[in-house]
Amino acid sequence: MTDTTVQATDRTEAPRQGGTVLDVRGLRKIYNEGKPTAKMAIDDVTFSVDKGEFVCIVGPSGAGKTTLLRCISGLAQPSAGELSFEGKPLTSVPEQLGLVFQDYSRSLYPWFTNAKNVGLPLAARGVPKAERTARISEVLGSVGLAQVEKQYPWQLSGGMQQRVAIARALSYRPDLLLMDEPFASVDAQTRFDLEDLVLRVRSELGITVVLVTHDIDEAIYLADRIVVLSGSPSRVREVVEVPFGGDRDQVVTRSSDEFLELRRHLLDLVMPHAASEG
Ligand SMILES: Nc1ncnc2c1ncn2[C@@H]1O[C@H](COP(=O)(O)OP(=O)(O)OP(=O)(O)O)[C@@H](O)[C@H]1O
């Protein structure tokens, strides 16, 4: 593409200000390795994420986005390559990692109140009760749900339940928040609200975010950089810079020329005809 406002870069250059939080080098993942059912989901993926960045991962269906996130979170073992979190090799789920999945109904315990759900990771980390109570109120307040502490998840709308799940991931102040299609199960208006919520919380807490989405518009709206994966088994097709900075608005940003140009470029990269070239 020719427009200079949209820069595609190979992210092997020096880290930016703030240092690298996550480094993924030559990652490969083969399921059922050595068996007749072996399936290579990820071939060779390299990228890094710097402190405070918002990085989205997009790619065609089945490209290996969830697999990549599972490897990054320490939930799945890579077959080859190196993963490091805050400069240390990543071999299990790091303490300073927050996780939010698409299916909030399965990630929240229906028999616990919302406050107790949010407090579970704090209890697991041995945070004293008084501090736990204060942090639960603070974090539920920051996602706009101060009034639901004593209620149960099933008494809330889908969007509110996902906010509880986000509050839980934020409760122990993670350095990195990993999100897998977190807004895919809510309606369009709620989706916009949750996107803005995550942008706000991210800027208030200075948190680093990696978010997997199949929605290209969402990736452009949220990200500082977008890692575009090829079709399965995945490689990095391109890393695309998003030039909007911290000033984003659902109507203004999404209708700007820069947005539409990025959209065209990304669609070109992830559409089936492009995937075979990767
Ligand atoms: N546990 C597993 N065992 C074997 N193969 C798997 C397993 N999990 C995923 N795969 C395969 O790995 C490939 C990548 O799957 P993955 O779910 O990571 O892709 P994705 O990009 O997240 O897909 P989608 O966009 O459709 O959610 C797919 O071919 C899938 O069938």
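In the predicted model described here, N32 is found in the loop between strands β2 (20-31) and β3 (39-50), where helices (H or I, at least four residues) and strands (E, at least two) are DSSP runs numbered from the N terminus. Residues are numbered from 1 along each chain as its sequence is written. Because the model is predicted, local features need pLDDT of at least 70 and side-chain atom pairs count only at pLDDT 80 or more, while totals for chains, interfaces and linings use all residues, and side-chain values use heavy atoms, with hydrogens and water left out.

N32 is not a glycine, yet its phi is positive, at about 50°. With a relative accessible area of 38%, N32 is partly exposed, a class lying between buried (under 20% relative accessible area) and exposed (over 50%), as computed with a 1.4 Å probe and protein chains only. R173 lies in the loop between α5 (158-170) and β8 (176-180), and its relative accessibility of 46% places it among partly exposed residues. Most residues other than glycine have a negative phi, and most peptide bonds are trans. The peptide bond from S232 to P233 is cis, with omega near -10°, and P233 lies in the loop that runs between β10 (225-229) and β11 (234-241).

With regard to the overall fold, the protein has 10 helices and 11 strands. Its radius of gyration is 19 Å, close to the 19 Å that the globule rule gives for 278 residues, so the protein is as compact as a globular protein of that length; the radius is taken over C-alpha atoms, and the rule is 2.2 Å times the number of residues to the power 0.38. Along its principal axes, the C-alpha trace spans about 55 × 50 × 35 Å. Of the 278 residues, 50% count as buried. Among contacts (heavy atoms within 4.5 Å) between residues at least 6 apart in sequence, 71% join residues at least 24 apart.

The protein exposes about 12,800 Å², of which carbon and sulfur atoms supply 51%; accessible areas come from the Shrake-Rupley method with a 1.4 Å probe, and for residues only the protein chains shown count as cover. There are 31 positive and 37 negative side chains, and the centres of the two sets lie 8 Å apart. In this count Lys and Arg are positive and Asp and Glu negative, with His and the chain ends not counted, and the place of a charge is taken as NZ of Lys, CZ of Arg, CG of Asp or CD of Glu.

An unreviewed UniProt entry lists residues 22-256 as "domain: ABC transporter"; UniProt positions are given in the numbering used here, feature names are shortened, and annotations may be inferred rather than shown by experiment. The end C-alpha atoms of residues 22-256 lie 31 Å apart, and the span is 34% helix and 26% strand.

Helix α1 (residues 65-72) contains T67. Six of the eight residues of α1 are buried, so the helix is largely enclosed by the rest of the structure; the buried residues are K65, T67, L68, L69, C71 and I72. T67 itself has a relative accessibility of 8% and, when residues up to four places away in sequence are not counted, touches K29, Y31, A41 and I42. The C-alpha atoms of T67 and P78, 11 residues apart along the chain, are separated by 9.3 Å. The helix is followed by G74, whose phi is positive, near 85°. A76 is placed in the loop between α1 and β5 (80-85), is buried with a relative accessible area of 10%, and is in contact with R70 and C71 once neighbours within four places in sequence are left aside.

Helix α3 (residues 114-124) includes N114, which is buried with a relative accessible area of 0%. Not counting residues up to four places away in sequence, N114 touches V148, E149, Q151, Y152, P153, L156 and V164. L122 also lies in α3 and is buried, at 0% relative accessibility. Leaving aside neighbours within four places in sequence, L122 is in contact with V127, R132, R135, I136, S171 and Y172; the C-alpha atoms of L122 and I136, 14 residues apart along the chain, are separated by 9.0 Å.
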